[in-house]
Amino acid sequence: MDKTTSGWINGFLGVLIFSGSLPATRVAVADFDPVFLTVARAAIAGALALGLLLVFRQKWPKPGEMISLVVVALGVVVGFPLLTALALKHVTSAHSIVFVGLLPLATASFAVLRGGERPRPAFWLFSGLGSLLVAGFALLQGVTAAPVGDLLMLGAIIVCGLGYAEGAKLSRTLGGWQVISWALVLSLPVMVVLALATMPSSFAETGQPAWLGLAYVSVFSMLIGFVFWYRGLAQGGIAAVGQLQLLQPFFGLVLAAGLLGEAVSGSMVAVTAAVVACVAGAKRFAR
């Protein structure tokens, strides 16, 4: 199997895992405070990552790699989980999933700024059109109903795109699972302290669905998904493989409807399909 094909397979597996993140977060914030959920998931994933690094005897990152790891940690360990958890207090997971349509453009933009990639002009045309479709949907459906939730989701997309691109660039030399593991370990001391500080006095009223949601976002969304995702971006190209994120709304909408019983409107499906079509065109001109 060539490197590019392997990159697309790994990227697809990462997207498939990430697709459950927003529905799982939506379930978890029903009983958990968003801030506690954010730091708890990072603390749990950080402890698991530390174990992996010790078992496989990984060397401490070089000084030049530490800054990139801090950026990754701020983007995907803290920023995206916290902003989405706060947003999901205002919007449904089905609605928030549509914003994932902006992630490929955000990731590609940071691939140019941080990864040194140079997609062709036609790439930006297709990606820009897809982003306009998503933004237009938000303006018509979300801003009037929950402007705070939509603004939080937009912020989450920006910091996530930066974390994806920075981590993918670093994965070329450090390795995919090592990048997310070290980013989690760097965050671990602060996350543990914050988790203890924000932990509720009692979990008596916390239901099983919330615990399952916490488990999913801690183990799969925060760690395992990134192992495949960063490897895929590093192998197949950040801007190109990043377009696979447009499959995430499809998977996520199915999960939101099937597991949470949320209404998925025809307009949501139509926008998602149109955006995926645009990104399919963008993929062709990514290099």
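## Buried or exposed

A residue counts as buried under 20% relative accessible area, as exposed over 50%, and as partly exposed in between. Arg-114 has 38% relative accessibility, so Arg-114 counts as partly exposed. The model described here is predicted.

## Salt bridges

The structure holds three salt bridges. One joins the side chains of Arg-114 and Glu-166, at 2.6 Å from N to O. This pair links distant parts of the chain. Arg-114 sits in helix α6 (residues 103-115), Glu-166 sits in helix α8 (residues 147-174), and the two are 52 residues apart. Glu-166 has a relative accessible area of 1%, so Glu-166 is buried.

Glu-166 also meets Lys-169 in a salt bridge, at 3.4 Å from N to O. These two are three residues apart in helix α8, so about one helical turn separates them. Lys-169 is partly exposed, with a relative accessible area of 24%. Shared partners join Arg-114, Glu-166 and Lys-169 into one network of salt bridges.

Another salt bridge pairs the side chains of Glu-117 and Arg-172, at 3.4 Å from N to O. Glu-117 lies in the loop between α6 and α7 (121-141), and Arg-172 lies in helix α8, so the pair ties together parts that are 55 residues apart in sequence. Glu-117 is buried at 15% relative accessible area. Arg-172 is partly exposed at 43%.

## Spaces inside and at the surface

Rolling a probe the size of a water molecule over the atoms shows where empty space is left. This structure holds three cavities of 30 Å³ or more. The largest cavity has a volume of about 150 Å³. Its lining has 16 residues. Phe-18, Ser-21, Arg-41, Phe-80 and Tyr-164 lie nearest the centre of the cavity. Helices α2 (21-28), α4 and α10 (208-236) each supply at least two lining residues. The largest share, four residues, comes from α4.

The largest pocket holds about 180 Å³ of space. It is lined by 11 residues, and Gly-20, Pro-23, Ala-24, Val-27 and Leu-259 lie nearest its centre. Here α2, α10 and α12 (248-260) each supply at least two residues of the lining. The largest share of this lining, four residues, comes from α10.

Thr-84 belongs to helix α4 (residues 63-87). Its relative accessible area is 1%, so Thr-84 is buried. Leaving aside neighbours within four places in sequence, Thr-84 is in contact with Leu-22, Met-153 and Ala-156.

Ala-40 belongs to helix α3 (residues 34-55). At 6% relative accessibility, Ala-40 is buried too. Beyond its neighbours within four places in sequence, Ala-40 is in contact with Ala-195, Leu-214 and Ser-218. Ala-40 and Ile-180 are 140 residues apart in sequence, and their C-alpha atoms are 16 Å apart in space.

## At the surface

Met-1, Ile-9, Phe-12, Leu-13 and Leu-16 make a nonpolar surface patch of about 460 Å². Leu-16 lies in helix α1 (residues 3-18). Leu-16 is partly exposed, at 39% relative accessibility.

Which residue has a positive phi although it is not a glycine? Arg-57 does, with a phi of about 50°. Most residues other than glycine have a negative phi. Arg-57 lies in the loop between α3 and α4. Its relative accessible area is 76%, so Arg-57 is exposed.

Conventions:
Residues numbered from 1 in each chain as written. Predicted model: local features only at pLDDT ≥ 70, side-chain atom pairs only at ≥ 80, totals over all residues. Heavy atoms only, no water. Patch = residues over 30% accessible without salt bridge, like charges linked within 9 Å, V, L, I, M, F, W, Y side chains within 5 Å. Areas by Shrake-Rupley, 256 points an atom, 1.4 Å probe, with all protein chains shown as cover. Salt bridge = Lys/Arg side-chain N within 4 Å of Asp/Glu carboxyl O. Buried < 20%, exposed > 50% of the residue type's maximum accessible area, 1.4 Å probe, protein only. Contact = heavy atoms within 4.5 Å. 1 Å grid on protein atoms, 1.4 Å probe; cavity = no way out; pocket = protein on both sides within 12 Å on 5 of 7 lines; lining within 4 Å. Points joined across faces, edges and corners; volume = space filled by probe spheres on them.
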